[in-house]
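Work through the exercises below with the sequence and the 3D view open. Each task is followed by a solution in steps.

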Amino acid sequence: MANYFKLLTTVLMLISLNTLAIEAKKANEPIKIDGIATDASWLLAKWHPIDNIILGKDLTPEDFSGKYKIMWDEQQLYLLVEITDDVLFDQHADPRHLYWDDDALEIFIDADASGGNHQFNFNAFAYHIALDNQAVDIGEKNADGSNNFVLLNDHITSKWQRSENPPYNVVWEVAVRLYDDSFTMSDKKTQPMKLFTGKKVGFMLAYCDNDGSKEREHFIGSTDIKAVNGDKNLGYITADVFQHIILKN
Ligand SMILES: [Ca+2]
Ligand SMILES: [Ca+2]
Ligand SMILES: [Ca+2]
Ligand SMILES: [Ca+2]
């Protein structure tokens, strides 16, 4: 069994090495997180697609299509995400309950680009940002072994709104403060990392699309994950399937 996991880890690392890093430009002018993309800095960043189906079949552009830009300054990363989604759906009021089955923007961050398992630790984060702009991830297990879903709203500033013109896409702006694996839920004094030119960060973006079903209908990501035993939904377990971004001037 140990050999199997060693082989799996090696294969996943090779896959991640083959994924080209994305360059993120520095935002020299402040970006206001308000769901309006008129900030001058955004003009300097390129669009990247969110077009890899992780779960679900037969996706039409009206059902979901999406693209994003990424920038940074010393304090945080900035994301501009433009989404077409025909139905916005939030069936669970509790932000910690089955949040992946509501429409949610999911931001995967591995602050030190270490790769590796992060399912029940903070070696990396999978922030699910729901339509109420709250961020939730799986924390360390409870003492009785049950799952512990934790709100990490201190890490994220999020605001989305419909664009003014047809097809009234969702324009979503997010700022993400980066914490490495020394983060704990109990120590509220942990400070986010200062970012710098040349820093490498593990990163992936995805969208959970549900339009009224019990469970999410599609899960679409920015990275072409190689399936293991037919399963591409690996990002919530291991940071080895993330892309890398490089912070540039
Ligand atoms: Ca803005
Ligand atoms: Ca949809
Ligand atoms: Ca890490
Ligand atoms: Ca939807």
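Accessible areas here come from the Shrake-Rupley method with a 1.4 Å probe. The model is predicted.

**Exercise 1. Overall form**

Task: State what the accessible surface of the protein comes to, and find how the radius of gyration agrees with that of a compact globule.

Solution. 
Step 1. The accessible surface of the protein is about 12,200 Å². Carbon and sulfur atoms account for 53% of that surface.
Step 2. For 249 residues, a compact globule would have a radius of gyration near 18 Å; the protein has 17 Å, so the value agrees with that of a globule.
Step 3. The C-alpha trace spans about 55 × 45 × 35 Å along its principal axes.
Step 4. The protein contains 1 helix and 14 strands. Of its 249 residues, 49% count as buried.
Step 5. Take the contacts between residues at least 6 apart in sequence: 63% of them join residues at least 24 apart.

**Exercise 2. Strand S12 and its partners**

Task: Explain why strand S12 (residues 200-209) is described as largely enclosed, and name strands that pair with S12.

Solution. 
Step 1. Buried means under 20% relative accessible area. In S12, 9 of the 10 residues are buried, so the rest of the structure largely encloses this strand.
Step 2. Strand S6 (residues 104-110) pairs with S12 over 7 bridges in the antiparallel sense. Within this pairing, tyrosine 207 of S12 stands opposite leucine 105.
Step 3. Strand S14 (residues 243-248) is also antiparallel to S12, with 4 bridges. Here lysine 200 has isoleucine 246 as its bridge partner.
Step 4. Strand S13 (residues 218-221) runs antiparallel to S12 and is joined to it by 4 bridges. Alanine 206 is the bridge partner of glycine 221 in S13.

**Exercise 3. Nonpolar cores**

Task: Find which residues have the most contacts inside the largest nonpolar core.

Solution. 
Step 1. The largest nonpolar core has 39 residues, and those with the most contacts inside it are Leu77, Leu79, Ile107, Ile109, Trp172 and Val176.
Step 2. Elements that give two or more residues to this core include strand S5 (77-85), strand S11 (170-176), S6 and S12.
Step 3. A second, separate core has 15 residues, among them Phe108 and Cys208.
Step 4. Now look at valine 176. Leaving aside neighbours within four places in sequence, valine 176 is in contact with Gln76, Leu77, Leu79, Ile107, Ile109, Tyr127, His155 and Ile156.

**Exercise 4. Calcium sites**

Task: List the protein donors of the calcium ion (ligand 2), then those of the calcium ion (ligand 1).

Solution. 
Step 1. Aspartate 209 has 0% relative accessibility, so it counts as buried. Aspartate 211, at 18%, also counts as buried.
Step 2. Aspartate 85 bridges the calcium ion (ligand 2) and the calcium ion (ligand 4), and these ions lie 3.8 Å apart.
Step 3. The calcium ion (ligand 1) is coordinated by Lys32 (O), Asp34 (OD), Ile36 (O), Asp39 (OD), Asp39 (OD), Glu173 (OE) and Glu173 (OE), at 2.3 to 3.1 Å. The spacing of these donors is K-x1-D-x1-I-x2-D-x133-E.
Step 4. Lysine 32 is exposed, with a relative accessible area of 57%, whereas isoleucine 36 is partly exposed at 36%.

Technical notes: Residues numbered from 1 in each chain as written. Chains lettered and ligands numbered in written order. Predicted model: local features only at pLDDT ≥ 70, side-chain atom pairs only at ≥ 80, totals over all residues. Heavy atoms only, no water. Buried < 20%, exposed > 50% of the residue type's maximum accessible area, 1.4 Å probe, protein only. Pairing = 2+ DSSP bridges. Donors = N, O, S within 2.8 Å, 3.2 Å for Na, K, Ca; no water. Rg over C-alpha atoms; globule rule 2.2 N^0.38 Å. Contact = heavy atoms within 4.5 Å. Core = buried A, V, L, I, M, F, W, Y, C linked by side-chain atoms within 4.5 Å.
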